[in-house]
Protein chains: 2
Amino acid sequence: MTELVDSYLFSKRRVDEDKHQYASPRELKLAIDELHKALSSPNAVTTDPDALRTYGSSENSYHLASPHSVVVRPASTADVVEVVNISRKYRVPVTAYSGATSLEGHTSGYPSGSICLDMSGMDEILQINETDSDLVCQSGARWEDINEALKAKGIPLFFPLDPGPGATIGGMIGTGCSGTNAVRYGTARAEWFLNLTVVLPNGEVIKTRRRARKSAAGFDSTKLFIGAEGTLGIVTEATLRLAPVIPTKVAMAQFPDVEHAVSAVQEILNTPYGPHIQCIELLDDQMMSAINNAGFIDHPYPVKDTLFFKIQGDPFCIKGTSKAVQAIVKKHGSSRFEFAPTDQEAQDLWQNRKYALPSTMAANPGARCWTTDVCVPVSRLPQLVLETKKDLANAGLRSTIVGHVGDGNFHALMLFHNDDELKSVSDAVHRLVYRALALDGTCTGEHGVGIGKKEYLVDELGEGTVELMRVIKRAVDPLNLLNPGKLYPERREPGKEESHA
Amino acid sequence: MTELVDSYLFSKRRVDEDKHQYASPRELKLAIDELHKALSSPNAVTTDPDALRTYGSSENSYHLASPHSVVVRPASTADVVEVVNISRKYRVPVTAYSGATSLEGHTSGYPSGSICLDMSGMDEILQINETDSDLVCQSGARWEDINEALKAKGIPLFFPLDPGPGATIGGMIGTGCSGTNAVRYGTARAEWFLNLTVVLPNGEVIKTRRRARKSAAGFDSTKLFIGAEGTLGIVTEATLRLAPVIPTKVAMAQFPDVEHAVSAVQEILNTPYGPHIQCIELLDDQMMSAINNAGFIDHPYPVKDTLFFKIQGDPFCIKGTSKAVQAIVKKHGSSRFEFAPTDQEAQDLWQNRKYALPSTMAANPGARCWTTDVCVPVSRLPQLVLETKKDLANAGLRSTIVGHVGDGNFHALMLFHNDDELKSVSDAVHRLVYRALALDGTCTGEHGVGIGKKEYLVDELGEGTVELMRVIKRAVDPLNLLNPGKLYPERREPGKEESHA
């Protein structure tokens with residue numbers, strides 16, 4: 001018994017168990033042959049080298065990437081079970097893949113060989129329960145398509161999580177995503193996913209809950225898979241909770257600096273009008289300059305730190321809230337407050353926020369862009385922005401800054417033209433993360449860990465918390481077959497940075 | 001390797017591992033001696049037989065209960081580490097305890113001996129970050145005291161989870177609680193807990209996150225402990241997110257039957273006015289009759305199924321919402337709509353909802369009451385209520401019904417006077433649970449599993465999901481020392497019911 005007590009957690013013995021024996025080249029070939037037999041529909045299994053490379057890397061990230069060995073396209077949960085069973089039989093890692101919008105190398109291939117499980121074809125809406133405000137879909141469905149489908153059917157409900165365009169439900173679950181709406185609706189880690197159908201590493205299919213909105217029946221098994229980046233199970237279906245569509249108007253305010261802008265945000269959110277704020281987006285002066293120079297707009301804006309608001313409610317609520325917001329931003333030094341009273345004007349104004357990435361690229365022809373995010377308590381955001389701007393200037397780097405400022409979530413779009421500048425950007429991201437940690441923040445607010453942020457987890461959370469993650473991973477996936485090499489560092493090697501391709 | 005594949009999950013070998021060797025009577029005595037030495041402050045350790053019985057059972061539940069062997073009252077996280085280390089050294093189970101408001105035997109003692117860890121003395125608010133809308137406290141703090149403290153300091157923020165009076169943050173985390181505010185603010189499984197300090201079974205102290213509002217940095221370790229009923233770690237501190245205090249008014253509407261009331265609720269929640277509804281509570285005709293007969297009010301109400309609403313917002317929002325609610329309830333057959341325009345009138349009207357339990361008891365002198373809850377998709381609630389009323393009438397039982405109807409959460413307060421009626425109530429609860437499961441619901445919406453609902457988990461979730469819980473429990477607490485015998489059934493024994501004392 002004493003032996004068990006001494007060795008059960010955090011022991012050296014565990015480290016050896018990490019050295020998994022994955023499939024040999026011969027076994028990998030056998031696995032691929034068996035996948036061909038198991039998934040019989042045309043194009044369900046491909047080993048085309050171009051596809052393997054494309055699926056194994058990402059245009060959005062500059063982390064180490066390897067091609068997959070095979071790409072499979074399941075059509076059902078039963079197909080996924082087949083794939084997971086074959087993966088286990090031959091010990092071939094499996095990486096789930098769908099919208100391919102992730103930014104931290106989540107879907108890259110495993111160096112010794114891996115199966116890419118492309119879920120994007122499993123994109124059906126299976127059931128809409130309008131009176132219960134919920135919906136059941138396959139995990140390859142895109143959030144935008146779901147909202148379009150609801151609109152087309154005249155159902156006045158929507159799914160409020162809004163990460164990058166093209167993201168799918170499965171990826172949103174895996175990343176624990178959020179988006180601009182998180183100020184009002186929270187993130188994927190709130191209660192938008194009522195129930196998940198999951199294929200476990202042992203091939204068993206489970207449902208994490210039933211369809212009731214609330215349940216106190218045991219561990220929160222649903223949450224176990226949210227943010228797990230496909231390392232604990234493959235989600236094939238999900239029951240989503242929906243929210244009523246509420247009329248929305250857009251406003252814009254400009255400030256002398258980020259500090260003034262953030263103080264205004266804090267005051268607004270803590271008033272009784274706070275819950276009417278659907279989004280608050282910060283665009284820094286560089287971003288506004290990029291918008292002016294990108295050629296998408298008719299009249300240039302003053303180059304100042306700017307907030308964009310979405311305000312929601314019935315006409316009376318919107319009027320009251322807009323009045324309150326205007327008074328508060330004025331108090332905090334805003335020289336310009338613009339409110340779009342009609343839907344069309346609101347849409348036009350919000351376009352400017354949407355132009356963030358294309359404007360950044362258009363204003364800097366020939367450049368490539370590394371997008372990263374961190375998140376800090378809202379009150380610490382001005383310091384983070386100020387110090388980061390200084391640091392980027394010192395490093396001679398160009399970057400625009402946008403942020404879901406209502407949550408303290410900060411995005412930098414750092415530009416580079418060559419390998420030297422890429423190295424410089426990588427170093428700046430590294431410093432940005434430690435700046436956020438020093439302010440009681442996190443290395444990622446919504447993009448996830450993948451490969452890119454692994455090295456920061458121990459410094460952010462402590463060795464004990466990361467080891468707890470490893471303990472759970474080992475218990476659920478003892479052969480380490482689901483998306484190995486992502487989410488947390490296998491071993492602690494202080495000071496060692498990832499190298500970037 | 002094949003052996004590992006075959007045996008790693010759901011294997012028979014695991015069953016044997018459940019037969020833990022807990023402390024012998026001699027070892028238990030040594031453990032208690034060591035606890036006396038480790039926690040030196042007066043009254044920190046007691047073995048008074050009355051205390052052991054009181055702490056080991058609950059007036060709120062009628063499940064099997066055993067006295068604890070010792071009650072300890074830690075003053076710090078370091079004290080909790082000492083207790084957990086002694087528990088592990090001598091293999092004595094530890095049950096966390098604080099507000100003692102739980103209803104399913106969560107805190108009862110373990111038959112072969114257990115340490116009751118009374119956290120209620122660790123009730124300090126450690127830090128209030130008003131601008132970030134968060135607060136750090138010890139886990140023994142009561143939610144009511146926290147909200148009183150904020151009010152006393154003139155801080156216009158509050159913590160919106162409102163389970164039973166006297167509940168503490170630690171218990172609310174353990175149970176994954178909710179309350180009347182869940183319609184608007186969600187439950188403990190949403191994002192109200194930003195970070196937890198937890199003592200793991202191995203004695204290590206971890207923090208699950210930092211103070212940023214959002215993080216996508218790995219598994220949702222915070223959620224691992226929410227709803228875990230003290231089986232995975234002892235929570236000693238928590239960072240809570242706060243919400244702005246918003247003016248609230250109260251309204252009441254009466255209906256010909258529950259079906260009409262629920263249809264009205266569904267329609268209201270799916271309109272753009274839905275987010276202004278803070279609470280919607282259903283009181284059935286029996287409950288209204290009990291309120292009339294209990295002697296707390298001046299004028300009796302018509303004995304009809306009734307909804308109580310809390311509507312929040314600025315005066316314009318409340319006016320608009322109240323108008324919309326009135327039109328909808330009228331459409332759904334409400335003959336009476338009462339709106340309390342002033343704060344005092346609102347408070348008076350809401351009192352009637354608050355009188356639910358005392359009115360039930362006062363109207364039935366000499367009776368005792370078994371309170372239970374289930375939860376179903378909102379559209380299934382009328383069928384659940386109708387069938388349950390019939391079933392209770394057939395069984396000759398008296399019960400009032402109240403429900404957080406906006407969430408489909410249903411509470412029955414079943415009355416009994418003797419052991420025969422208690423058996424009859426127990427059987428009726430059993431049938432109620434299976435009725436909820438048949439409607440795609442859960443055996444508990446907010447009270448948790450404890451001992452009382454263990455037997456239903458496999459039928460609700462499937463053997464695979466429950467085994468996943470066991471796998472995680474074994475990995476984190478391999479000696480099964482934290483609150484053993486709660487939360488999930490150790491082994492599946494179909495058809496076997498718990499016996500009730």
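# Reading terms off the model

Tutor: B:Asn480 lies in the segment after helix H18 (463-476) of chain B. The model is a predicted one.

Student: Why is B:Asn480 called buried?

Tutor: Its relative accessible area is 9%. Buried means under 20%. The value falls under that cut-off, so B:Asn480 counts as buried.

Student: Which other residue has a positive phi without being a glycine?

Tutor: B:Asp440 has one, near 65 degrees. B:Asp440 belongs to the loop between helix H16 (419-438) and helix H17 (457-461) of chain B.

Student: What makes B:Asp440 partly exposed?

Tutor: Its relative accessible area is 27%. Buried needs under 20%, and exposed needs over 50%. The value of 27% lies in between, so B:Asp440 is partly exposed.

Student: Where is B:Pro377 found?

Tutor: Look at the loop between strand S16 (368-375) and helix H15 (381-394) of chain B.

Student: Is B:Pro377 buried or exposed, and why?

Tutor: Buried. Relative accessibility is 2% for B:Pro377. The cut-off for buried is under 20%, so the residue qualifies.

Student: What does B:Pro377 contact, beyond its neighbours within four places in sequence?

Tutor: Two chains supply the partners. From chain A come A:Asp132, A:Arg211 and A:Ala212. From chain B come B:Leu439, B:Asp440 and B:Gly441. Each is called a contact because heavy atoms lie within 4.5 Å.

Student: How far is B:Pro377 from B:Asn409 in sequence and in space?

Tutor: They are 32 residues apart in sequence. Their C-alpha atoms are 8.6 Å apart.

Student: Now chain A. Where is A:Val70, and why is it called buried?

Tutor: A:Val70 is in strand S2 (residues 70-72) of chain A. Its relative accessible area is 1%. That is under 20%, so A:Val70 is buried.

Student: Which residues does A:Val70 touch, leaving aside neighbours within four places in sequence?

Tutor: Among them are A:Ile32, A:Leu35, A:Val45, A:Leu52, A:Ile115 and A:Cys116. A:Thr208 is another matter: 138 residues along the chain from A:Val70, with 29 Å between the C-alpha atoms.

Student: How many helices and strands does chain A have?

Tutor: Chain A has 18 helices and 18 strands.

Student: Why is chain A called as compact as a globular protein of its length?

Tutor: Compare two values. The radius of gyration is 23 Å, and the globule rule gives 23 Å for 501 residues.

Student: What share of chain A is buried?

Tutor: Of its 501 residues, 65% are buried.

Student: What share of its contacts join residues at least 24 apart?

Tutor: Take contacts between residues at least 6 apart in sequence. Of these, 73% join residues at least 24 apart.

Student: Which domains divide chain A?

Tutor: They are domain 1 (2-120), domain 2 (121-244) and domain 3 (248-448).

Student: How do you know what links domain 2 and domain 3 of chain A?

Tutor: Count residues in contact. Eleven residues of domain 2 are in contact with 16 residues of domain 3. The centres of these two domains, taken over C-alpha atoms, are separated by 28 Å.

Key. Residues are numbered from 1 along each chain as its sequence is written. Chains are lettered from A and ligands numbered from 1 in the order in which they are written. This is a predicted model: local features need pLDDT of at least 70, side-chain atom pairs count only at pLDDT 80 or more; totals for chains, interfaces and linings use all residues. Side-chain values use heavy atoms; hydrogens and water are left out. Helices (H or I, at least four residues) and strands (E, at least two) are DSSP runs, numbered from the N terminus. The radius of gyration is taken over C-alpha atoms; the globule rule is 2.2 Å times the number of residues to the power 0.38. Buried means under 20% relative accessible area, exposed over 50%, partly exposed in between (1.4 Å probe, protein chains only). Domain bounds come from an automatic or database domain assignment.
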